[in-house]
Amino acid sequence: MKFFVRKALHVLAAGIAVSLPACVQEVSGCTAAIVSARASASGRPLLWKNRDTSAIDNKVEYIAAAHPGELAFVALFNASDRDCLEAWAGMNSAGFAVMNTASYNLNDGKVPQKDMDREGYVMTLALKHCRSVDDFESLLSSLPRPMGVEANFGVMDASGAGAFFETGNDFFTRYDLADAADGVLVRTNYSHSGRPGEGFGQIRERNALELLRPYMGHASLSPSVFTEELSCSFYHSLHGRDMLASDAEWIVDQDFIPRFTTTASVVIEGVVPAERIMEDSGRDYVMWTALGYPPCAEVVPVWCDPQGVDPELRGLEEDGTSAMCNRAKARKAEVFCAPDGNASRYIYVPALCGDKGYLSRFRRLNYETYAKLRRH
């Protein structure tokens, strides 16, 4: 515990506060879920994050253990994070995985903005040192107050345990996956333990739950359900239908799971739960990764291994960006192409639909990728 405190103080003190743009709820979103082994088609737990952020360029990197006692890990980073200090979803060599969604109904606003936005540093620290869900709780308990965070942290480990930690500057509330009757926990941009009626993402949460409903109770949830269905669905719970299923040429981008600000969809698939967590459990984990706007993105498997990250996912371009993310960004520009301003608010339906639309094209490709790995 003392080590955690010393390390936390060092890492958080080194962090640089991020200046968030106005209307932060529109750019710092995310929709996420944890699925227990009993609800999964493979008998392996799942951790999903559909990432929304103003940092449009993302990359994936493997980080070797730098000091004795640390763990190697692989994670999603902003491309601008050249030193890979802030992880936004990842897994380590001990089989521990973590991600987050921003929350907006926990803190009281008394902590200056310059001392906030430390979630990425906390997750990097967790990936370097945590082996279990309980370890993550110990880490949160050890952090100096105020923690500089307002988030729903989702975690799972090789024992099959999982939990969301709804975390503010001075406290956290733990929700265990084992207590979820259907074996699934979903979060967006408010905390269930927070102030009622505040925060954001309630419609997206209902979208996700409605899309998951046919799979619940049948042990049939798989990574592709998240990357190819939820992260590519234009179902809207207020309308009760898929908004692409019409003759409209343009639809408004509002409260779908994939949004203009979505930069990645990541599903971490764990191992069949074991009684004892082995040191190399994470090598059998798979991080299914779609960089860029998911309806236009390829899914690529990633492993916690020095050769486990496809070079096209890494920040190897001259400007530090990822080649795969750049291609997805170019396709996204064809989807958000309204000619009269406010292009980010309108979806051009023909770019997504039909045999030649990006949704159909990449679903076929991505299902082939899933099937190919399952055969080996």
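The model is predicted: local features need pLDDT of at least 70, side-chain atom pairs count only at pLDDT 80 or more, and totals for chains, interfaces and linings use all residues. Residues are numbered from 1 along each chain as its sequence is written, and side-chain values use heavy atoms, with hydrogens and water left out.

**The sheet.** Select strands S3 to S9. These seven strands make an open, antiparallel sheet in the order S3-S4-S5-S6-S7-S8-S9. Strands are DSSP runs of E, at least two residues, and helices are runs of H or I, at least four, numbered from the N terminus. Two strands pair if DSSP finds at least two bridges between them. Now colour S3 (58–63) and S9 (172–176). Each edge strand has a single partner, so one side of each is left without a neighbour in the sheet. Neighbouring strands are turned by 20° against each other on average, direction ignored.

**The S8 and S9 pair.** Select S8, residues 162–167. S8 pairs with S9 in the antiparallel sense over five bridges. Zoom in on Ala163: opposite stands Asp176 in S9.

**The helix.** Show H3, residues 133–142. H3 lies across S6 (97–102), S7 (151–156), S8 and S9, and runs at about 15° to S8. Axes are lines fitted to C-alpha atoms, for helices over the stretch in contact (heavy atoms within 4.5 Å); angles run from 0 to 180 degrees between N-to-C directions.

**The cysteines.** The whole structure has zero disulfides (cysteine sulfur pairs within 2.5 Å). Select Cys337: the nearest cysteine sulfur, that of Cys296, is 11 Å away. Then pick Cys353. Its closest cysteine sulfur, in Cys296, is 11 Å off, too far for a bond.
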